Amino acid sequence: MLKGHRDIREEVRDAVHGPIELVCLDLVIYELGRLVRKGSSETSRSARLILDNLQKWKIREVPAPFGPRDVDLTLTIYALVQKTRTVAATADKALLEMLSKNGIQSIRPRSKSGLISSWTHLTRVRLK
């Protein structure tokens with residue numbers, strides 16, 4: 001998703017219809033920083049690219065809710081307490097499973113291009 005330097009906002013708009021606001025929990029930003037320092041070379045490179053582009057993509061940083069410092073659990077709790085439709089974007093298989101078990105919609109990158117949404121098994125968004 002990031003290697004082709006595509007516009008993340010456009011990809012999400014294509015996958016999620018209606019008005020959207022992109023936000024990132026401060027705890028996720030902290031975790032990305034940890035991955036830059038301690039992840040494999042590919043993971044580190046991807047995390048660095050995301051951190052470098054958060055402002056460019058106009059993604060607002062929001063404080064994580066009080067409670068656990070486990071990133072996956074915190075993301076799930078955040079999505080559950082929101083009063084508006086919340087769609088989580090991740091490539092983490094364990095987090096995708098946790099979101100699914102809690103009825104939270106998600107989108108994830110396809111291996112080649114575009115995003116796959118959880119609300120339909122066959123929904124694939126093709127990028128231009």
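Q: Is Thr74 buried or exposed?
A: In this predicted model, Thr74 lies in helix α4. Its relative accessibility is 1%, and the cut-off for burial is under 20%. Thr74 therefore counts as buried.

Q: Which residues is Thr74 in contact with, leaving aside its neighbours within four places in sequence?
A: Contact requires heavy atoms within 4.5 Å. With the neighbours within four places in sequence left aside, the residues in contact with Thr74 are Leu25, Leu27, Ala64, Pro65, Pro68 and Arg69.

Q: What span does helix α2 reach from its first C-alpha to its last?
A: Helix α2 covers residues 26-38 and has 13 residues. At 1.5 Å a residue, the expected span is 18 Å. The span in the model is close to that expectation, at 18 Å.

Q: Which elements do the buried residues of α2 pack against?
A: The buried residues of α2 are Leu27, Val28, Leu32, Gly33 and Val36. An α-helix has 3.6 residues a turn, so residues three or four places apart point the same way. The packing partners of the buried residues of α2 are β1 (23-25), α3 (41-53) and α4 (71-81).

Q: Why is α2 described as roughly antiparallel to α4, and what is the crossing angle?
A: The axes of α2 and α4 come within 10 Å and cross at roughly 155 degrees. Because angles over 145 degrees count as roughly antiparallel, α2 is roughly antiparallel to α4. The crossing angle is roughly 155 degrees.

Q: How many nonpolar residues does the contact of α2 with α4 have?
A: The crossing in which α2 passes α4 is left-handed. On the α2 side the contact is made by Leu27, Val28 and Glu31, and on the α4 side by Val71, Thr74 and Leu75. By class, this contact of α2 with α4 has one charged, one polar and, as the number asked for, four nonpolar residues.

Q: Are α4 and α5 roughly parallel or roughly antiparallel to each other?
A: Helix α5 comprises residues 93-101, and its axis is 10 Å apart from that of α4. The two helices pack at an angle of about 30 degrees, and the cut-off for roughly parallel is under 35 degrees. The relation of α4 and α5 is therefore roughly parallel.

Q: Which residues in α5 are met by Asp72, Leu73, Leu75 and Thr76 in α4?
A: α4 passes α5 in a right-handed crossing. By class, the contact of α4 with α5 has six nonpolar, one polar and one charged residues. Asp72, Leu73, Leu75 and Thr76 in α4 meet, in α5, Ala94, Leu95, Met98 and Leu99.

Terms used:
Residues numbered from 1 in each chain as written. Predicted model: local features only at pLDDT ≥ 70, side-chain atom pairs only at ≥ 80, totals over all residues. Heavy atoms only, no water. Helix = DSSP H or I, 4+ residues; strand = E, 2+ residues; numbered from the N terminus. Expected span 1.5 Å × (residues − 1). Buried < 20%, exposed > 50% of the residue type's maximum accessible area, 1.4 Å probe, protein only. Axes fitted to C-alpha atoms, helices over the stretch in contact; angles between N-to-C directions. Parallel < 35°, antiparallel > 145°, perpendicular 65-115°, else oblique. Left-handed = near helix turned anticlockwise from the far one by under 90°. Nonpolar A, V, L, I, M, F, W, Y, C, P; charged D, E, K, R; others polar.
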